[in-house]
Amino acid sequence: MRITGWKNESSKETEGSAAVFSVGNPVEQSTVTASIEQSVLSARRWVVTMLTLAVASLLVMMASLRFGAEEIGLADSARILLQALRYGEAGTDSFGSSGVIILQVRLPRVLLGFMVGGSLAAVGVGLQALLRNPLADPYVLGISSGAALGAAVAILFGIGTTVLAITTLPLCAFVGGLMAIVIVYRVAASYGRLPIHTLLLAGVILNAIFSAFIMFITSIMDPNRSFGMMFWLMGTLTAPSYPAMVALVLYLVVGGSILLWQTQSLNLLTLGEESARSLGVEVETVKKTVFFTSALLTGAVVSVSGMIGFVGMVIPHAVRMVIGADHRLLLPASALVGGTFLVAADTVARTVLAPAEIPVGIVTALGGGPLFIYLLLYRKSGLAL
Amino acid sequence: MLCRDQQTRRCSQEIRQIQAAWACLIATFLIAGLAQAHEGEQQPVKRRQQGILTGMPFMANLAPRTFVDDLDRKIYLAKAPTRIVSLAPSITEVLYAIGSSEELVGVTQYCDYPPEARLKPKVGYTHPNLESIVALHPDLVLAPREFLRADFLGKLEQLKISTFIFDAKTIEDVLSHIQTLGRMLGRSASADALAAQMRQRITEIKTRTATLPHPRLLYVLNSEPLITVGPGSFIDQLIKLAGGTNVAARAKTPYPRLNMEEVLKEDPELLIFPVGTAEGIPDSEQQVWKRWATLSAVKHGRFHHIPSDLLNRPGPRIVQGLETLARTIHPNAFEDKQTP
Amino acid sequence: MRETEGLGNGRAYRVERLRFRYRHDRDKQFGKGNEWALKGLRFEVQSGEVLGVIGPNGSGKTSLLKLLSRVLRPQEGEIYLFGSQLAEMSQDAIARLVALVPQDSRQIFPFTIAETVMMGRFPHHRSRGRLFGFGWEGPEDIRLATQAMKETDVAHLAHRSIDNVSGGERQRAIIARALTQQPQVLLLDEPTAFLDLNHQLEICTILRRLNEKRGLTVVLVSHDLNLASQYCDRLMLLKEGEIFRLGPPEEVIRPDVLAAVYRCEVLVDRHPMSGLPRVTLPGRSPVRPHVTEQ
């Protein structure tokens, strides 16, 4: 057989196919091309969608600054924020307690809620693709119960020091999470490969074992201390200090960027490992990268805010129904939607029974559940569950 | 509402079912929440009535040696019990205070006052060990309402072990419990004397603080998340008696998880931390609070700690707790008083 | 000019001493080794030929395709792809040369047909140095994908979700994806399994045309002996992991050969139009089958 060039023949190729199949006039041909273009994600659609979501998120965040123990009008909030940006915190003394509330309580809380919700949703997307399982969520790999165990141990022994303006509880929780990551990986990996079914099993079992430890610790704990544990397990978005926030932001942004980088490979990974490999994906590298990044993000988020459920599992589904399955857009869009959703849920959590708060995990479940049912019933689910 | 074309009728039925289910679920939560809030109001009224009648159970048709506990269960004690198991540190303290320590054969691992109580056999606290209790052959088990599991109580009744449940919601409850125990154990004299003494001291403190300004304070049960005491809780009553104003007064539950904004708005002048016996306020906790530099309490450095046992245990030492609290809130007013 | 011209001396594949079995770690402990799926294969695939791989179930056909695309790695042996060792190439370098069309795969995520086909361009994104491999499809990619979709007649389904189409349409979409990879070797595992007759004919025609005009090397696994016979230059008949016969259809599609491998009697005659061997199962009459002379 003669070997003929490939690229040079491309224009001839189009004619050839036309000759064989009589596609028809050029106008018809271009409509087909146009419809295909619309089905595929383009850079333009990505930018437009992301900008819209970003603007919406910003609006929701601004609005939520209004609510709390008392209402602080939008104009006042804006003035306080501007003043703070120009003169630093001291410049807002004139605003009295409103200033402190906005800057030290609400703003950090809203920002934290956005970051936590966004990270949980992004990790949910990544894990659903990695495990090829639509029921996956950030807690399925056992990292969160490791973090919870770290927190329980810290509360039990009353460990109380501060390192770098971060209190011990999140640090102990994070160490617990790291320990869980190491255990899960060692159990699941073999011969340098990471089989997905063993990963899932290892996570489930680790969850069970750690939960048992946590229950044991809770039962022997001084009942006076167990308050903290109970509420931590239900999720909390209390205002952290700004230095801690900066560290957290950097950490989450780095992790999120790594996930974003992998999204195209994730698209192919959902076809199955063998198909992905045949399309040029370094499957083992991608799996390990996504696993470790997701686990480290989850560990950090859970350490800071306890276990806030629902966001990581359902937001990816909801966004996928509207936006489609292409992870290049799905991941960042889910992050924005997840962040906004958690900010809204937290606003409800801290106003409904003011001045007391409901744990935010309760609001996410009670609020998001019906929302998801609505989506399932009224839109094409598009997911073979 | 729109339904997908193919299965319109079934679809709308399903939607109705789902809506009904959610409505039930939400209704359950609301009802539970309201009931709990309501319960907090009801109880004090009932108990205060008992107290007004000098602590005697207001049931004329009650036979002697029959006692009614806080779950409205009647028990009959032919004679004073000689082997008693106490399932709460507060109850243990009462028994020692009225002179019944000899009869005490079983305690919890947290019963540490007076120190001799630590020598008694342990049976557990949140999850009492049934076998240990039975092995001690008690003729009376005294248990607190909290941590009580229905199956545990049922088992004790099945084994024909008399059990008496205490649920102290107010200070008056504590006093009437002391007196009831005195009658049950044949130590009415010492019990009534103790109760009278306590009442007197409480009244003294109350009068003394009544004329003083009541500073705002925050009682920090837990810092992160912020949990404090609210209306309906024991400690809230103590705060009022001690002459303080609880900044969580607007809350609707006894142990609310409070929003920091409320604290900033109410601006407490004092922060009170309950601590264990040996420690002060942990460093990390202080750091957490020192962030809020606008609070009066932080500006003037008014961080105080009180031994948690004095306030948590509804027993004889609440008076000490009340005194300590009053002394903390009004240091000038109590200079001359000695704490026994 | 094709990048691989001259490489491998006109051979797309050279396979030496290939041994492979599926790895089951636990078997080490119990002392029983599982069977070798392929036992020491040695053969060549000429560049630009259409090779059919046939044989009974369990003879190792699918494993062979996966080994040729390095989806699986062999325990022993070497595979040379256009002169380079397959084991030393990077995954996406292989993907730019070889495309694999697997047997039907279920999908749980709702990608559209167009998105699925477009995934075939992934190995080319890398080589063009897009930032971190997070690339966008350009007009060239779209044109190639569109063309492939038209050729396999799935263009009208572009916007449909891949789990929302029939098995045959899905199969054609996967073939379109493979074509979009612009490979020089196409490996197909039972490509016509779920297709209607017209689509079977279409696929075979496309493959033949690509082979003739562009010199696309095709390795095709099929249960359908007649399809293999009519469209392949050579046939490789596998039996229990070994090559039983390798050669043009006339040498392989013979009753004695087939009887030895499939353990049943068949009729072999000539296709009236092409003259190539044609296999027929014996009918219900008890007449003895006879072989037509060459």
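## Chain C and its sheet

In chain C, 68% of the contacts with a separation of 6 or more are between residues 24 or more positions apart, two residues being in contact if their C-beta atoms, placed from the backbone, lie within 7 Å. This is a predicted model, in which local features need pLDDT of at least 70 and side-chain atom pairs count only at pLDDT 80 or more, while totals for chains, interfaces and linings use all residues. Residues are numbered from 1 along each chain as its sequence is written, and chains are lettered from A and ligands numbered from 1 in the order in which they are written.

The secondary structure of chain C comes to 11 helices and 12 strands; helices (H or I, at least four residues) and strands (E, at least two) are DSSP runs, numbered from the N terminus. Chain C has 294 residues, of which 46% count as buried. A residue is buried if 20 or more other C-beta atoms lie within 10 Å of its own, exposed if 12 or fewer, and partly exposed in between, with C-beta atoms placed from the backbone.

Chain C holds an open sheet of 4 strands in the order 2-1-4-5, with antiparallel pairing, where two strands pair if DSSP finds at least two bridges between them. Strand 2 (38–46) and strand 5 (84–85) of chain C are at the edges with a single partner strand each, so one side of each has no neighbour in the sheet. Strand 1 (residues 11–20) of chain C is joined to strand 2 of chain C by 7 bridges in the antiparallel sense, and C:Val15 has C:Phe43 in strand 2 as its bridge partner. Helix 2 (residues 61–68) of chain C packs on this sheet, touching strand 1, strand 2 and strand 4 (76–81) of chain C, and its direction makes about 120° with that of strand 1 of chain C. Such angles run from 0 to 180 degrees between N-to-C directions, with axes fitted as lines to C-alpha atoms, for helices over the stretch in contact.

## Chain B: sheet and domains

In chain B, 4 strands form an open sheet in the order 4-3-5-6, and here the pairing is parallel. Its edge strands, strand 4 (104–106) and strand 6 (163–166) of chain B, each pair on one side only, and the twist averages 30° from one strand to the next. Strand 3 (residues 84–86) and strand 5 (residues 140–144) of chain B run parallel and are joined by 3 bridges, with B:Val85 opposite B:Val141 in strand 5. Helix 2 of chain B packs on the sheet, touching strand 3, strand 4, strand 5 and strand 6 of chain B, at about 135° to the direction of strand 3.

Chain B is divided into domain 1 (66–199) and domain 2 (212–329), with bounds that come from an automatic or database domain assignment. Their C-alpha centres lie 29 Å apart, and the contact takes 15 residues from domain 1 and 10 residues from domain 2 of chain B. Helix 2 (89–98), helix 5 (171–184) and helix 6 (188–210) of chain B each give two or more residues to the domain 1 side, and helix 2 gives the most, with 5 residues.

The table sets out two sides by class, where Ala, Val, Leu, Ile, Met, Phe, Trp, Tyr, Cys and Pro count as nonpolar, Asp, Glu, Lys and Arg as charged, and the others, Gly among them, as polar.

| Side | Nonpolar | Polar | Charged |
|---|---|---|---|
| Domain 1 of chain B that touches domain 2 of chain B | 10 nonpolar residues | 2 polar residues | 3 charged residues |

B:Val319 lies in helix 12 (residues 318–329) of chain B and is buried, with 24 other C-beta atoms within 10 Å. Leaving aside neighbours within four places in sequence, B:Val319 is in contact with B:Met198, B:Arg201 and B:Ile202.

Not counting residues up to four places away in sequence, A:Ala151 touches A:Leu169, A:Cys172, A:Ala173, A:Gly176 and A:Trp232. A:Trp232 is one of the buried residues of helix 9 (residues 226–233) of chain A, together with A:Gly228, A:Met229 and A:Phe231. These buried residues pack against helix 6 (143–156) and helix 8 (196–220) of chain A together with strand 7 and strand 8 (227–228) of chain B.
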